[in-house]
Amino acid sequence: MIKHLADCTVLQNGVKMPWIGLGVWRVDDGAQVVHAVKTAIQHGYRSIDTAMIYKNEEGVGQAIAEAGVPREELFITTKVWNSDQGYDTTLAAFDESLKKLGLDYLDLYLIHWPGTDKYADTWKALEKLYKDGKVRAIGVCNFHKHHLEELMKTAEVKPMVNQIELHPLLSQKELLTYCKQNNIQVEAWSPLMQGNLDHPVLAKLAQKYEKTPAQIVLRWHLQNGVVIIPKSVKEHRIMENAALFDFALSDEDMGRINDLNQNQRFGPNPDEFFLV
């Protein structure tokens, strides 16, 4: 049972990863992202998830430097973008991200999208970074089961994390089961359906548990063994998204949320997204 904001899942290599982090997708670089990250850290968050394509790594780095929390207490994630995929270009992209963040190492480095034909070479670069001690864990984003199966034909190190779009309308049950069977930690992006929480079942459960629909959904994720990185720039929302430990959903209510699945995506399908 996850009881505190500081609680962690343990990845297959023994690295501890917080169950809850702050996502900073579509958060402006500069004052906005600095404020959001510092606020989250102040309220007990220790995991921050960014990406090269978000164009706010410098602000995240500034916030980390100013937050006053020892680096080893933080868990920092960023990602290699599609246009940088390939062995040498990934190594260069990693160095650039590390420089922007102002860090000596990363806790988690991810391939942002599978794309078409380069992710095996990209993964070899991540394996080198991992073996060289520049990153504590490596993983992927938006990989379907068939992508993972293909990758593991040549991988020396198995992905430790798969960050995917996952929420009540897209429960990804088969992929979640596959990842659990292979000791790959699933992490949800857009865990709150990009704010599309207006659903009678969620409203009824929110009333029953005296919580918000967002808190109901986030608790559902945690009880499914999924790491969450809800995004917010507002202090009260950042606090609300972490206030999940004074209640638990019953098995029956978990099932009611599971039944909401419609295989509905708010983001692109990884099999169709090759944008550089």
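By cavity I mean, on a 1 Å grid over the protein atoms alone, a set of points where a 1.4 Å probe fits but cannot get out; lining residues have an atom within 4 Å of a point. Bear in mind that this is a predicted model, where local features need pLDDT of at least 70, side-chain atom pairs count only at pLDDT 80 or more, and totals for linings use all residues. Residues are numbered from 1 along each chain, and side-chain values use heavy atoms, without hydrogens or water.

The largest cavity holds about 30 Å³, counted as the space filled by probe spheres set on the grid points. Its lining is N142, F143, H144, I164, E165, Q172, L175, R265 and P270.

Now, E165. What is the nearest side chain of opposite charge to E165? That's R265, 4.3 Å away, and E165 has no salt bridge (a Lys or Arg side-chain nitrogen within 4 Å of a carboxyl oxygen of Asp or Glu). E165 is also buried, meaning under 20% relative accessible area with a 1.4 Å probe. The E165 side chain does make a polar contact with the side chain of H167, at 2.9 Å (N or O atoms within 3.5 Å, one able to donate a hydrogen and the other to accept it). The backbone nitrogen of G267 sits 3.1 Å from a polar atom of the E165 side chain.

On to pockets, which are open sets with protein on both sides within 12 Å along at least five of seven lines.

Definitions and conventions: Buried < 20%, exposed > 50% of the residue type's maximum accessible area, 1.4 Å probe, protein only. Lys, Arg positive; Asp, Glu negative; His and termini not counted.
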